[in-house]
There are 2 protein chains.
Amino acid sequence: MDYSLLAGGKRLRPILVLAAAEAVKGDEQSAAKSMPFACAVEMIHTYSLIHDDLPAMDNDDYRRGILTNHKVFGDAMAILAGDGLLTHAFHVATDALKHGVPPERVLSVVTELSKYAGLSGMVGGQVDDMLGEQGVTSLEQLENIHLHKTSDLIAFSLRAGGHAAEASEKQLEAFGLFGRNVGLAFQIQDDILDLTGSADKLGKPVKSDERQEKVTYPFLIGLDESRKRVAELTKEANEALMKAGLAKPDRLIEISDYLLKRDH
Amino acid sequence: MDYSLLAGGKRLRPILVLAAAEAVKGDEQSAAKSMPFACAVEMIHTYSLIHDDLPAMDNDDYRRGILTNHKVFGDAMAILAGDGLLTHAFHVATDALKHGVPPERVLSVVTELSKYAGLSGMVGGQVDDMLGEQGVTSLEQLENIHLHKTSDLIAFSLRAGGHAAEASEKQLEAFGLFGRNVGLAFQIQDDILDLTGSADKLGKPVKSDERQEKVTYPFLIGLDESRKRVAELTKEANEALMKAGLAKPDRLIEISDYLLKRDH
């Protein structure tokens, strides 16, 4: 569990939790309250990577610049490390109660985590991805996979931060839309970087999508159109945030702009 | 998920949730409130069976009288079905709020579920079991594995039922001890039945422990001593329950006595 959790990575999801919490009232105290949710979402993300990398799934040897979990500890321990992280994420999330988040909000976060990470969210997206590998033919189908496989957990991250800061329903909705769009843009950018990036910067081999004959955004609509889509989604995300009456949306907007320009 | 969840089985854990909830005040209403926890614990139990049966783990072909999940759907889908059930268990557990269980109690159950099913509980026990397969030499070591691998989730079941009925701290402790002992007795009985039972009644091949050279209770202390231990643990469990000031412990005691005499 430690091996994969502490292997680095961008920490995008926990950063989004903290930034969303801070955005609501513009205070650092809310961000501190949201820390248990930030840790929980990184555990969920890490478990999903460990299981996705297994030979039975994507069969990847490298992740975050080091050997994948099962290459070091074997398949059985990698499955259990994933199960342990997934289960422990919920334990960590409930710690928010001790940080002063009201019980109703903590419960909302637990419910949302199990929804966005579960069968109607990330796990469902992964299933659709595996079932569709032979036959994704439309942009709509591909987008639907990405929305669940990637966007859902990012949307959760924003909403969890919002709950920690006791955001209004309107703010939670804006966070959800921001997360949806940023998540989708993130995934398209991943597809673009797999084609145009450097293995050194990415910490994993490039052009693996082509080798695995994966249907990607660049494959379906070309590189230029894919880049345009990333920019549009980011613009929409930022606009939704600006209209939500947040005290300090600046940092979230910086993050979405940074993601737009990232090379790894 | 449905294939394994609806394959039958004894439903021991959900029955214990409902029976514990009823025991506190002797009312059916508390049992009804505890239903979301009963469903959650069966989902956790089922996910653990799906993952345990994988080729990378115990590599079993049959479970509950039918082909194991991965034999029907493949390893990737079996991993994801397990992940989906594990995640959804927490979703279902939070439904208890709608059934009238106070938010603090629901949160306690979520925290306990992630503890008893997680790295210091069931997952940890499974890890110890796999690491120890080559070298379990003492009864203490074996008992420690069983306490986490089996007893923890059964202890959770009892405590979750207790929370639904707003049990006192003393009652929760008695439930925990009852679950610990019944779980251990259950596991020893499993070891005994693997040696002496019929494949037809068990729904799985017998003598698989011997074939896999597993260290079991009968292997370490013999059949007679193992049977004696099951009876002692059951007696202790029932005594703890009788002293907890429960309105109606009868059904729980019937269950532990039934388990003592089971042949499958």
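**Figure 1. Accessibility of Tyr3(A) and its pairing with Phe73(A) in the predicted model.** Tyr3(A) has a relative accessibility of 27% and therefore counts as partly exposed; buried means under 20% relative accessible area, exposed over 50%, and partly exposed in between, with a 1.4 Å probe and protein chains only. Phe73(A), at 43% relative accessibility, also counts as partly exposed. The structure holds three aromatic pairs over all chains. One of them is formed by Tyr3(A) and Phe73(A), edge-to-face, with 5.3 Å centre to centre and 80° between the planes. Rings of Phe, Tyr and Trp (its six-membered ring) pair if their centres lie within 6.5 Å; planes under 30 degrees apart count as stacked, over 60 as edge-to-face and the rest as tilted. Tyr3(A) lies in helix H1 (residues 2–5) of chain A and Phe73(A) in helix H5 (residues 69–73) of chain A, so the pair ties together parts that are 70 residues apart in sequence. Helices (H or I, at least four residues) are DSSP runs, numbered from the N terminus.

**Figure 2. The aromatic pair of Tyr3(B) and Phe73(B).** This pair is edge-to-face, at 5.3 Å centre to centre and 80° between the planes. Because Tyr3(B) belongs to helix H1 (residues 2–5) of chain B and Phe73(B) to helix H5 (residues 69–73) of chain B, the pair ties together parts that are 70 residues apart in sequence. Tyr3(B) is partly exposed at 26% relative accessible area, and Phe73(B) is partly exposed at 44% relative accessibility.

Figure 3. Glu143(B) has 15% relative accessibility and so counts as buried. Its side chain is joined to that of Tyr217(B) by a polar contact of 2.9 Å (a pair of N or O atoms within 3.5 Å; within protein, one must be able to donate a hydrogen and the other to accept it, and residues adjacent in sequence count only if both atoms are side-chain atoms). Leaving aside neighbours within four places in sequence, Glu143(B) is in contact (heavy atoms within 4.5 Å) with Arg180(B), Leu184(B), Tyr217(B) and Arg229(B).

**Figure 4. Arg262(A) over the ring of Phe186(A).** The charged end of Arg262(A) is 4.0 Å from the ring centre of Phe186(A). A charge sits over a ring if NZ of Lys or CZ of Arg is within 6 Å of the ring centre and within 35 degrees of the ring normal. In chain B, the charged end of Arg262(B) sits over the ring of Phe186(B), 4.0 Å from its centre.

**Notes.** Residues are numbered from 1 along each chain as its sequence is written, and chains are lettered from A and ligands numbered from 1 in the order in which they are written. In this predicted model local features need pLDDT of at least 70, side-chain atom pairs count only at pLDDT 80 or more, and totals for chains, interfaces and linings use all residues; side-chain values use heavy atoms, with hydrogens and water left out.

Definitions and conventions:
Helices (H or I, at least four residues) and strands (E, at least two) are DSSP runs, numbered from the N terminus.
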